[in-house]
Amino acid sequence: MTRILAIANQKGGVGKTTTSINLASSLASIGKRVLLVDLDPQGNTTMGSGVDKRLLDRTVYQVLLGEQAAAEVRLPTKPGKYDLIPANQELAGAEVEMVSLDQRESRLKDALLPIQADYDFILIDCPPALNLLTLNGLCVAHAVIIPMQCEYYALEGLSDLVNTIKRVRAGFNSSIRIEGLLRTMFDPRNLLAQQVSDQLKQHFGNKVYRTVIPRNIRLAEAPGFGLPVLYHDRQSRGAQAYLELANEILVTAS
Ligand code: ATP
Ligand code: MG
């Protein structure tokens, strides 16, 4: 069965896109069939997957508006070995245009239905906002991966996200749950990071992934080459951490 995972946190710069790209390529390298959906007008997932967002005439924008089928818009990425539904700046307009459309929260869900069975995993990179785009991601997802940096305000923002997930469960998608909280850009020498990490484990117990993503320069460099980190520096701690995460997710999914 296909597992659909939204990667969401309304806080900016916490590692959503880095996680989307590198989890997608790690799962694909283990032999899973993966589709990655870029749901952020910034198009960072698209660029980081080696696709030039400025040259696209079809993106997730047309898919959400019902002008293109998802099957027509998806692209194979090289060397990531996953398929991508790309995004660019045009998507910023979708928020306004979708307001007047029917079923505006479930447009992505309806669009993915015909191609869903082609994949073992569909990952959705959400924008840093609790807006209609993120809502579309949450409405189609079976579960949410929440990347977070272990810093002072991290827990505060988390309650807004958890409340949004509860609202989505009540209103649109009764089966959605939190798949896991992922500690990103982690520096074990930082005392505050350790404290926040401990609090996180107290609050969320085994929902906190055992895998921790370290702060690693290779992870930050790779998008500049349009490459997942596996194909930039396979031996790096960042690449190894995302492979470990993929394996942890495969164990919990089976
Ligand atoms: P946004 O909210 O803008 O979409 P995001 O949550 O998707 O941001 P990323 O774009 O993945 O976050 O990461 C923010 C910045 O931090 C990027 O420059 C990225 O390269 C860098 N970064 C992410 N994870 C790591 C890491 N583990 N080690 C070092 N740098 C990282
Ligand atoms: Mg992002």
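## Ligand site

A polar side-chain atom of T18 lies 2.6 Å from an oxygen atom of ligand 1. The model is predicted: local features need pLDDT of at least 70, side-chain atom pairs count only at pLDDT 80 or more, and totals for chains, interfaces and linings use all residues. Residues are numbered from 1 along each chain as its sequence is written, chains are lettered from A and ligands numbered from 1 in the order in which they are written, and side-chain values use heavy atoms, with hydrogens and water left out.

A polar backbone atom of G13 is 2.9 Å from an oxygen atom of ligand 1. A backbone N or O atom of P214 lies 2.9 Å from a nitrogen atom of ligand 1. A polar contact is a pair of N or O atoms within 3.5 Å; within protein, one must be able to donate a hydrogen and the other to accept it, and residues adjacent in sequence count only if both atoms are side-chain atoms. Taken alone, ligand 1 exposes 630 Å², and the protein buries 80% of that (Shrake-Rupley method, 1.4 Å probe). In total, 18 residues surround ligand 1; the closest are K16, T17, T18, P214 and N216 (a heavy atom within 4 Å).

## The sheet

Eight strands form an open sheet with mixed pairing, in the order β3-β4-β2-β5-β1-β6-β7-β8. Helices (H or I, at least four residues) and strands (E, at least two) are DSSP runs, numbered from the N terminus. Two strands pair if DSSP finds at least two bridges between them. β3 (75-76) and β8 stand at the edges with a single partner strand each, so one side of each is left without a neighbour in the sheet.

V34 belongs to strand β2 (residues 34-38). V34 is buried, with a relative accessible area of 3%. Buried means under 20% relative accessible area, exposed over 50%, partly exposed in between (1.4 Å probe, protein chains only). The C-alpha atoms of V34 and D120 are separated by 6.1 Å, although the two residues are 86 apart along the chain.

## Around β7

Strand β7 (residues 177-186) is mostly covered, with eight of its 10 residues buried. Strand β6 (residues 143-149) pairs with β7 in the parallel sense over seven bridges. A143 stands opposite R177 in β7. I146 has L181 of β7 as its bridge partner. From β6 the chain crosses through helix α8 (residues 154-171) to β7, a right-handed β-α-β crossover. Right-handed means that, with the strands pointing away from the viewer, the path from the first strand over the helix to the second runs clockwise.

β7 also pairs with strand β8 (residues 208-214), in the parallel sense over three bridges. R183 stands opposite V212 in β8. Here the chain crosses from β7 through helix α9 (residues 191-204) to β8, and this β-α-β crossover is right-handed.

## Helix α7

Helix α7 (residues 132-140) is mostly covered: eight of its nine residues are buried. They are L132, L133, T134, N136, G137, L138, C139 and V140. At the start of α7, a side-chain oxygen of N131 comes to within 3.1 Å of the backbone nitrogen of L133.

## An aromatic pair

Rings of Phe, Tyr and Trp (its six-membered ring) pair if their centres lie within 6.5 Å; planes under 30 degrees apart count as stacked, over 60 as edge-to-face and the rest as tilted. The count comes to one aromatic pair. The rings of Y152 and Y153 have centres 5.1 Å apart and planes at 75°, so the pair is edge-to-face. Y152 is exposed at a relative accessible area of 60%. Y153 is exposed at 51%.
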